[in-house]
Structure formats: C-alpha cells, structure tokens
Amino acid sequence: MATPTRTSPRANRRNDTVEIELRINGSAQRLDISPQVSLLDALREYLGLTGTKKGCDQGACGACTVLADGQRINSCLALAVQYQGREITTIEGVDHPLQAEFVRTDGFQCGYCTPGQICSAIGMLAEHKEGAPSAATEDLATPSGELDDAEIRERMSGNLCRCGAYNGIVSAIKEVAK
C-alpha cells in the first residue's frame, strides 16, 4: 500500500503561489505569485508597469533600477516577496526635476535606459545628501561636498547607456544637484 504524499498548505494553492501585497507608487497591490518571481517581473508582467526595463536580467546594466524606500535597487535581482511592506517607486511614480533636466540636456537618446537612470540618479542624490562616500570621493571627512563629473560618473557607474548619452546624464544630475 502506497503512503499518501503530504503537501504543505502553500502547495495546495494554484501552482504553489503565495499572496503578497506590494506598495507600488503609493498604492497597495495584491498579487498571487510564485515566490521565485523577481520584483522586475512582478512590476512588468503582473502589474503592467513597463517603464522599468529588462536589460541584462543579471544586475549588470541598471535598466531595471527602482527605488525601495528611497534606495535604488536592481529589481531584476530582487524577489518580489522580499519587498512586502516597503514602498517601491518606479518611473511611473516619479515626479522629479531630473526628468525635465534629462530632456533639456539630452540625457537620453533611445530612452531605454532612461527610467533606470532617473531612478538611480534620485537614489544617488539622496545617498550623497546623507553623506555616503563613493570610490571617487576625495575627502572622506566631508563626503557630501559638491558633486563633480568624476563623482557623478562613479556613483552612476552601475547604470549603462548603450547610446552613450553619459555627458547629458551627468549634466542633468549636476544641474539638479546644485
């Protein structure tokens, strides 16, 4: 006589999914998803927030950068279930002077990386304001001095632009940082 197979309560759910609630751009969103779903896929495939881009899906390009409680993260490397109770801001929820400055300084070309660049820049400016140094910070005793080009480039080095709009991106960030 065969021994019956025991399953966890979760296994009885549709496709072994879990119910989570994410707070996205100020709004609570309930999802029934597999625990292995990345935050990027939850945003794009489940919630239709396609402003966050899938570039490399390995955390190397920064196209998927969003803000989690104001800190920049690569959403392709984060599991959606890890972010319950935290405020996630995607480009759709951003209203920041950087957006207009990117346009003014031609900080984008094709625009694919622009949402991640803008979210990363917002997070970077907050890090700088809080006094977090970078590898390019000259004086660690006063790390929140003025952002020069080298400092901005170092802090934004996790975000790639395949079109090469780096000069415009740096100009936009520098202008907003003033």
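1. The chain has 5 helices and 5 strands, where helices (H or I, at least four residues) and strands (E, at least two) are DSSP runs numbered from the N terminus. Reading from the N terminus, the order of elements is β-β-α-β-β-β-α-α-α-α. Before you dig in: this is a predicted model, with local features needing pLDDT of at least 70, side-chain atom pairs counting only at pLDDT 80 or more, and totals for chains, interfaces and linings using all residues. Residues are numbered from 1 along each chain as its sequence is written, and side-chain values use heavy atoms, with hydrogens and water left out.

2. Overall numbers next. Along the principal axes, the C-alpha atoms of the chain fill a box of roughly 75 × 35 × 25 Å. Of the 178 residues, 40% count as buried, meaning under 20% relative accessible area, with exposed being over 50% and partly exposed in between (1.4 Å probe, protein chains only). Take the contacts (heavy atoms within 4.5 Å) with a separation of 6 or more: 53% of them come from residues 24 or more positions apart.

3. The strands make an open sheet of 5, ordered E2-E1-E5-E3-E4, and the pairing is mixed. Two strands pair here if DSSP finds at least two bridges between them. At the edges sit E2 (27-33) and E4 (71-74), each pairing on one side only. From one strand to the next, the twist averages 40°.

4. Now the pairings of E1. E1 and E2 run antiparallel and are joined by 7 bridges; Glu21 has Arg30 of E2 as its bridge partner. The two strands form a hairpin with 2 residues between them, and Asn25 in the turn has a positive phi of about 50°. E1 (residues 18-24) is also joined to E5 (residues 87-89), by 2 bridges and running parallel. In that pairing, Ile24 is partnered with Ile88 of E5.

5. Two helices to look at against the sheet. H1 (residues 39-46) lies across E1, E2, E3 (65-68), E4 and E5, at about 100° to E2; such angles run from 0 to 180 degrees between N-to-C directions, with axes being lines fitted to C-alpha atoms, for helices over the stretch in contact. Leu39, Leu40, Ala42 and Leu43 of H1 are buried, and the buried residues of H1 pack against E1, E2, E3, E4 and E5. After H1 comes Gly48, with a positive phi near 70°. H3 lies across E3, E4 and E5, running at about 40° to E3.

6. H3 also packs on other helices. The axes of H2 (residues 97-104) and H3 (residues 114-129) come within 10 Å and cross at roughly 125°. That is why H2 counts as oblique to H3 (under 35 degrees is roughly parallel, over 145 roughly antiparallel, 65 to 115 roughly perpendicular, and the rest oblique). Leu98, Gln99 and Phe102 of H2 meet Thr114, Gln117, Ile118, Ala121, Ile122 and Leu125 of H3. These residues divide into 6 nonpolar, 3 polar and no charged, where Ala, Val, Leu, Ile, Met, Phe, Trp, Tyr, Cys and Pro count as nonpolar, Asp, Glu, Lys and Arg as charged, and the others, Gly among them, as polar.

7. Finally, H3 against H5 (residues 166-177): the axes come within 11 Å and cross at roughly 40°. The contact involves Gln117, Ala121, Met124 and Leu125 of H3, with Ile169, Ile173, Val176 and Ala177 of H5.
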